[in-house]
Amino acid sequence: MSSDEDGGLGDDPFHPLGDAAEEDFRAMLEETEYDADLGMAMAEDAMRVTKGELSEAAFHERYHEDVLEEFGEDQRPTKEAYENAKAEAKGTLSGMLSRFGGDGEDSRRGTMKKMGAGAAAIGLGAWGTAENGDESEPDIVAAQEEGEDEGDGDGVQWGMTLDLETCDGCLSCVVACNQEHNWDEGANWMYIIAYGDGTVESPDADDFEGTRDFNYLIRPCQHCTDAPCEKVCPTTARHTRDEGGLVLTDYDVCIGCRYCQVACPYGVNYFQWGEPEVDAPSEELEEDMMYDQRGRWVSGRGPRGVMEKCIFDPARQDGQMGDEMVGTTACEDACPPGAIQFGDMNDPDSDPQRYVANVPLARAVEHDPDDEELQDAIAVLEGEEEPADEDDEDGLTEEEAERLLRGEYGEPDSTFRLLQEYNTDPNVLYLGNEPGPDAEQVPGPVAYDDVGQVDNRKDVLDEGTVGDTDLSL
């Protein structure tokens, strides 16, 4: 299977995670019952679609017969669907599906073969675009005007602003996500990755006292508006929900082909090996946590044989955990320094948008300093206290308050989205500490083992056997 006339599968890796990841992906697919060549070719072309090198219609037409032959169905929209409905559906796959019976209510296939563990290593250098030592000033306003951060779109679009300069690597977000969703060891829906730029070494954990020669990258699913993982799914199990723009997997429809795992540039997908192991399944898998407002099983820990990933908590966003939980996530609630800000990216009053609008003020509010002058500056900028006049010796003017907080908490040295050149339109905006081309993962001061977690799913699987861990299908 190849995309010969328009670029094809060449010698250079198509996946941003590089040659090693592609080799692991191919080995993973070859251990399934599904066509590995087809999965690799579709993943490459799905990324070419997002980059504007291949049309949606041509992508569908190129693989339609092969998908039908391999899976007995092709629930991806037809060529005519793309041509006739793109404007009305605003270019989103989920919008087109609603017009062509693609809600994916068919049952999940019951028979699958044993599947490989897949790649677990993170290639940090592939995610960075900034040159090491780049000290250019950020321009958040310009980024917003160019669509880098949308605050005036139609409808709700759930997303995140992640402040990498305040993240302290405590892993509280990882623990909280696991507690709420019960994913398997190492199948992390949330990662905190410590990285160096190739010129410094990570300090020993015992010597860590607040200064560091490395940075952190927070990596949830990016919930892309134009998600390559969605384009390769033959059943519509992987789809973008109209309500809130969440990229989700319907566990009742997923057949576990793992094509989405290859097509994701960010490495956020995991295959579910076994049924949930919990002390009280009736409590852990309550229907309110499993099914979203459409009645589709997209939330919480998935059943055996499906793909799962970070979901931005539909049970919360749909109000099933209470109105006060709408617009929140477990990871955001658990983050001590407030580095994770979740909310509606189209609402200027949401947490992520307010944070971006005035980063020093937002950092100050999250830090809640004891210093009285800093508290006065916060009150002035939040409108809780009248600013002083310029000739008034008492109190702070707005300019003085801004200057004070900026001096104390700083401005981010960059704003970016991961892999912007792939044009997936991720709904996660990062502030500061953009990985450079030589970024490499290093040990951080807090190890996953320290908080009862694992950072590599493959290690967990390699330690067991088919017999004693019941991984066989």
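A crossing is left-handed if the near helix is turned anticlockwise from the far one by less than a right angle, and right-handed if clockwise. The model is predicted: local features need pLDDT of at least 70, and side-chain atom pairs count only at pLDDT 80 or more, while totals for chains, interfaces and linings use all residues. Residues are numbered from 1 along each chain as its sequence is written, and side-chain values use heavy atoms, without hydrogens and water.

**Exercise 1. Describe how helix H16 packs on helix H17.**

Step 1. Locate the helices (DSSP runs of H or I, at least four residues, numbered from the N terminus). H16 covers residues 372–381 and H17 covers residues 398–409.

Step 2. Take the geometry. Axes are lines fitted to C-alpha atoms over the stretch in contact, and angles run from 0 to 180 degrees between N-to-C directions. The two axes come within 9 Å and cross at roughly 125°.

Step 3. Classify the angle. Under 35 degrees is roughly parallel, over 145 roughly antiparallel, 65 to 115 roughly perpendicular, and the rest oblique. H16 and H17 are therefore oblique to each other.

Step 4. H16 passes H17 in a left-handed crossing.

Step 5. List the contact (heavy atoms within 4.5 Å). H16 residues in it include Leu-374 and Ile-378, and H17 residues include Leu-404 and Tyr-409.

Methods: Helix = DSSP H or I, 4+ residues; strand = E, 2+ residues; numbered from the N terminus.
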